[in-house]
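Keep the structure open while you read.

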Amino acid sequence: MTSPDRAGTSLSRALTLAHTHRVAHRSDLTERLGLTRTATGLILRELETLSLIRTAVATRADTGVPTIGRPSHAVEIHPDAPTVLAVHVQATSVLIAQARLGGVLGPVDEVPLPARATPESVLGLIADLLSARLVTPDRPPFGIGLALPSAVGSDGTALAAHHLAWPHAVPARRLLTGLLARAGHGDVRVHVGNDANLAALAESRHGAGQGAAQMLYVMTGQVGVGGGLVVDGRLHVGSAGYALEVGHTPVPRGKRPCRCGNRGCLEVEADPTALLDAAGLSTTEPTLDAVRAVIARRSVDPSARAAVDLVTRRLAGGIASLINILNPDRVVLGGMHAELLAAEGKRLRAGISRHSFLDQAARVELRPAELAASALIGAAEVALQPLLDEPRLLV
Ligand SMILES: [Zn+2]
């Protein structure tokens, strides 16, 4: 007889395995859980009762006829499983979408940020966007996940949203929860995280990090460098939530001044601004398209070649330092770093080997990020996490 606690843990494990695409059939689940077929059947029945998982007898795709012999039960996310709302504050706009278990995003709406993007105006806009979506004839969203371009503490405080010019330590979760309560939505749980951390979580569970035990994610969009470390499916957040500010990793021979007060951080040595500066194309709006144009010209334009070489070396130095400290089994690169991996993969790998004292650094897998809206998917992940941890919350 399985004890209630043990069964609760198995429910969580079964739901998490289905959510992260690691089981397709009931037999996979039985094997993964290490339970008998009967015990797995009980777990599945409870998850079906909660409308979280659905099992279906697999059929021959061509005829729809059940397969011969012992039927193979496909395990899938229930179509009526709860949804969450995910929000990502970017440099000039807010993205919002509904999301469901399995890392599935609904249509993404993009709304421009207010002209003066103060904490009050941005969080007010988000509260309005959420309120409009919380009033629904269907089952209300289970929770809300918010991805911010800032280091975010475990208490939901945005410590340093430099790119939005927010003041130090904005209590984002408390402010947003208060705004929603005033709009009559005081019972919905709000989760807040750093956007690159959340993107790392999403890539680990649904993208290029699947199957890795310790996945390091490093990315750059327009300004600065972010990332995260996911260990056994969970973000490593440190004691107060601020761990893995990978952008402030010192880079060998780096000299450029950083907003943090140091010099030579990965943040300023290997972002689009650094590449465009090195190519003699200083701009106030560094875009991925401008970066791609420089990378494309590198075989015919010596200044583009020199810029790509320099930033690839700097990136390699930063990644090597992180590998030395963290010893991940896979490194996933996003944004401009994924472009450099595609264009200069050999040079990047050689640079990492040169700068890392760990022999195995040369064998650490480098992969480009796969997800289009990874921070949004990651925001949904943290909103879904209480349910993944305790599926009986729905009872
Ligand atoms: Zn720095």
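## Terms and model

Two strands pair if DSSP finds at least two bridges between them. Helices (H or I, at least four residues) and strands (E, at least two) are DSSP runs, numbered from the N terminus.

The model is predicted: local features need pLDDT of at least 70, side-chain atom pairs count only at pLDDT 80 or more, and totals for chains, interfaces and linings use all residues. Residues are numbered from 1 along each chain as its sequence is written, and side-chain values use heavy atoms, with hydrogens and water left out.

## Strand 3 and its partners

Strand 3 pairs with strand 4 in the antiparallel sense, over seven bridges. Three residues lie between the two strands, and together they form a hairpin. Strand 3 also pairs with strand 7 (residues 143-148), this time in the parallel sense over four bridges. H88 shows both pairings. Its bridge partner in strand 4 is L95. In strand 7, the partner of H88 is A147.

Is strand 3 enclosed or open? Seven of the seven residues of strand 3 (residues 83-89) are buried, so the strand is largely enclosed by the rest of the structure. Buried means under 20% relative accessible area, exposed means over 50%, and partly exposed lies in between (1.4 Å probe, protein chains only). In a regular strand the side chains alternate between the two faces of the sheet. In strand 3 both faces are covered. T83, L85, V87 and V89 are buried on one side, and V84, A86 and H88 on the other.

An open sheet has five strands in the order 11-10-9-12-13, with mixed pairing. Strand 11 and strand 13 (365-368) stand at the edges. Each has a single partner strand, so one side of each is left without a neighbour in the sheet. Further in, strand 9 (residues 214-220) and strand 10 pair in the antiparallel sense over six bridges.

Helix 6 (residues 195-206) lies across strand 9, strand 10, strand 11 and strand 12 (330-335), at about 45 degrees to strand 10. Helix 11 (residues 336-355) packs on the sheet and touches strand 9, strand 12 and strand 13. The direction of helix 11 makes about 140 degrees with that of strand 12. Contact means heavy atoms within 4.5 Å. Axes are lines fitted to C-alpha atoms, for helices over the stretch in contact, and angles run from 0 to 180 degrees between N-to-C directions.

## Two loop residues with positive phi

D232 is in the loop between strand 10 (226-231) and strand 11 (234-235). Phi of D232 is near 50 degrees, a positive value in a residue other than glycine. D232 counts as exposed, at 62% relative accessibility.

R253 is in the loop between strand 11 and helix 7 (266-269). Phi of R253 is near 65 degrees, again positive in a residue other than glycine. R253 is exposed, with a relative accessible area of 62%.

## The cavity

The structure holds one cavity of 30 Å³ or more. On a 1 Å grid over the protein atoms alone, a cavity is a set of points where a 1.4 Å probe fits but cannot get out; lining residues have an atom within 4 Å of a point. Grid points are joined across faces, edges and corners, and a volume is the space filled by probe spheres set on the points.

The lining consists of A99, R100, G103, V104, L105, I377, A380, E381 and L384. Strand 4 (93-100), strand 5 (104-105) and helix 12 (374-389) each give two or more residues. Helix 12 gives the most, with four.

Key:
On a 1 Å grid over the protein atoms alone, a cavity is a set of points where a 1.4 Å probe fits but cannot get out, and a pocket is an open set with protein on both sides within 12 Å along at least five of seven lines; lining residues have an atom within 4 Å of a point.
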